[in-house]
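User: Please go through this model with me residue by residue, giving the criteria behind each term as it comes up.

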Amino acid sequence: MFWTPVSPKKKEAPEPEERGEIANVSEEARGGLSLLNLLPSYACVVSGERTVLWANQAMKRDMGLVPGMRCFEVHWLREEPCGECPLDMVASTGKSFCWEQSIENPQTGKIQVLSQLIPLPWGFARGRCFLEISTDVTLFKRRQSQLELSQREYKALFEGVPCYISVQDRDFRIIKTNGLFQKEFGRAIGRKCYEVYKGRDKKCDPCPVERTFVDGQIHFSEETVRRRSGEPMEVVVYTAPIKDNWGTTYAVMEMSTEITPVKTLQRELATLGQAVAITAHSIKNILGGLDGGAYVVRSALRRNDPELTEKGLSMIQEGVEMARRLLQDILLVSRHGRPKLEDISPVNLALEVISLFQKRAGDLGIELQLETMGERNLTFRGDHKGLHTALANLLSNAIDACASLGAQGPGKVFLRVHELEEVVCFQVEDNGPGVPEEIKEKLFREMVTTKGNAGTGLGLIVTNKIVREHGGHLRYRSSPRGGTIFEIMIPRKPVFGEKYPEQTGLSSG
Amino acid sequence: MTKKILIVDDEPAMLTYLSTILQDHGYMTFCSQSAEEAWEKALKESPDLITLDLLMPEKTGIKLYRDLRKHDRLGAIPIVIITGFTQEQYPMIDFRKFIYERSIRGPEAFLEKPVAPEALLETVEKVLGRGPQKS
């Protein structure tokens with residue numbers, strides 16, 4: 001297979017050109033050609049008739065070159081010159097030409113080469129000669145197409161995953177986003193992450209992107225972000241480093257998956273679990289009261305003591321009343337969705353609720369006051385019955401808190417109505433002893449009662465549920481007067497999740 | 001001599017219940033709905049035993065406990081804590097810490113609400129170190 005120089009002494013000696021040899025070449029030119037043996041490319045000299053006059057070692061080794069072969073026979077295993085052969089063009093213009101072609105390598109099959117055809121300046125025996133240098137770029141081509149494929153796959157992945165993806169630089173500036181991100185958070189390229197996600201003007205603390213920049217590791221966190229529409233969204237965020245060839249993280253990819261429904265469900269389940277625990281505890285208290293009442297009545301009958309009988313019976317009565325309240329609360333907690341919406345005037349609602357407590361507050365020597373701010377009494381949409389219950393729960397708690405002041409009174413309870421542009425705010429402030437430090441954490445979530453047997457512990461959970469169903473917030477803080485301020489904020493335009501579509505004209509039962 | 005028991009609880013129903021049980025079993029009872037009143041009654045009546053609800057408004061049950069223990073004469077009176085405030089319910093509150101100080105003796109007994117009559121009587125008898133008295 002390999003080309004070996006043929007000795008001119010064997011057989012009849014054809015002309016050097018026909019033998020595929022270069023004749024009449026200066027020593028200097030031969031020296032130049034021999035240097036081409038060192039090239040990791042295929043190099044050959046062809047005549048104007050396309051006869052291979054000289055080939056470098058690599059070409060002889062790989063191409064099975066036989067002396068006197070024509071270049072198309074070598075490259076293409078053809079019998080005719082190739083249709084688009086650049087040789088004539090190079091011959092006529094005298095300028096070298098570079099192109100890509102695939103040629104047959106008898107050992108490895110078809111290979112892709114980058115070829116350059118150069119007119120040689122030296123005069124050869126007959127006419128002009130050309131130097132063709134071809135470099136094997138098969139591997140490079142294969143890598144290139146692999147790269148293109150993986151780029152296509154990466155793009156499909158980037159756009160196709162059900163995540164909001166952004167790529168950020170060290171300044172938390174977003175440099176790339178996927179389509180889903182843009183759909184939910186708007187155009188974000190060039191803006192800061194915290195600005196787009198949360199409407200903040202400085203970075204969050206802690207920030208998973210920052211941590212990934214620091215240690216080059218994957219981090220995750222749970223965040224509440226804001227959609228373009230302003231609606232909150234709970235997400236779990238993963239951050240992964242994007243590193244350069246030297247292993248330095250130059251950007252971070254942030255992938256967020258929405259978990260709002262999961263979180264909602266989780267909260268509801270937790271509330272349900274707590275409600276069951278509270279219920280069990282309340283029933284235990286109720287039974288204790290009923291047992292006690294029955295004991296007292298039995299004993300009173302034995303003693304023939306009508307006054308004690310009366311006391312025992314009222315204990316039983318109280319137990320029954322507590323069971324009724326518990327049942328009411330359970331129904332409210334387990335009620336499914338859909339507050340019944342109607343137009344409510346905030347001041348009227350406050351007046352209604354406060355009138356219920358005037359007598360009780362008076363009996364306990366507690367001052368009960370309504371304060372209004374804004375005084376526009378503009379109606380808003382809400383569930384009248386639900387909000388009535390919520391406010392009554394807070395007022396009742398405040399009065400109980402003041403009642404426990406005893407001689408340290410007088411207790412004062414304020415119900416305030418603030419009418420703001422976007423929200424209606426109800427505040428209930430007392431000057432009672434405040435929420436004990438130990439139960440602050442659990443206030444809206446777990447069974448919390450400081451009232452011994454008097455409360456079911458469901459009150460604040462019920463209130464919180466009602467307020468959340470209106471898209472509002474219930475929060476509390478310590479009052480400067482030593483007591484507590486509970487605050488209900490209801491948006492004027494109801495924000496209902498999918499679970500609570502606004503209903504008109506239909507009763508929620 | 002009839003033993004005197006002071007019952008301190010902010011709930012009137014609880015006072016009625018506990019005092020009925022104790023009276024039925026031969027004890028003389030005094031009831032107090034507040035810490036201040038309890039303090040005065042303790043000074044005046046020198047009871048043989050005090051039952052005390054810890055969970056009274058403003059932690060006054062705890063304050064009363066400390067005041068009683070520190071008092072020269074009243075300090076010796078055995079105290080049974082009766083409370084709905086259990087460790088199980090509020091694991092994060094070490095309520096015994098409110099009571100125990102190095103210098104103060106712990107309560108003679110703890111009872112959790114709801115209290116069964118038998119449990120109350122058994123505890124009171126054990127603390128007083130003698131059987132019940134029939135009137």
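User: In which helix of chain A does Leu265(A) lie?

Analyst: This is a predicted model, in which local features need pLDDT of at least 70, side-chain atom pairs count only at pLDDT 80 or more, and totals for chains, interfaces and linings use all residues. Residues are numbered from 1 along each chain as its sequence is written, chains are lettered from A and ligands numbered from 1 in the order in which they are written, and side-chain values use heavy atoms, with hydrogens and water left out. Helices (H or I, at least four residues) and strands (E, at least two) are DSSP runs numbered from the N terminus. On that basis Leu265(A) belongs to residues 260-303, helix H10.

User: Does Leu265(A) count as buried or exposed?

Analyst: Buried means under 20% relative accessible area, exposed over 50%, and partly exposed in between, with a 1.4 Å probe and protein chains only. Because its relative accessibility is 52%, Leu265(A) counts as exposed.

User: Why does Phe158(A) count as buried?

Analyst: Phe158(A) has its place in helix H6, residues 138-160 of chain A. The residue counts as buried because its relative accessibility is 5%.

User: Which residues does Phe158(A) touch, not counting residues up to four places away in sequence?

Analyst: Contact means heavy atoms within 4.5 Å. With residues up to four places away in sequence not counted, Phe158(A) touches Ile165(A), Val167(A), Lys176(A), Thr177(A) and Asn178(A).

User: How far apart in space are Phe158(A) and Leu180(A), C-alpha to C-alpha?

Analyst: In sequence, Phe158(A) and Leu180(A) are 22 residues apart. In space, their C-alpha to C-alpha separation is 9.6 Å.
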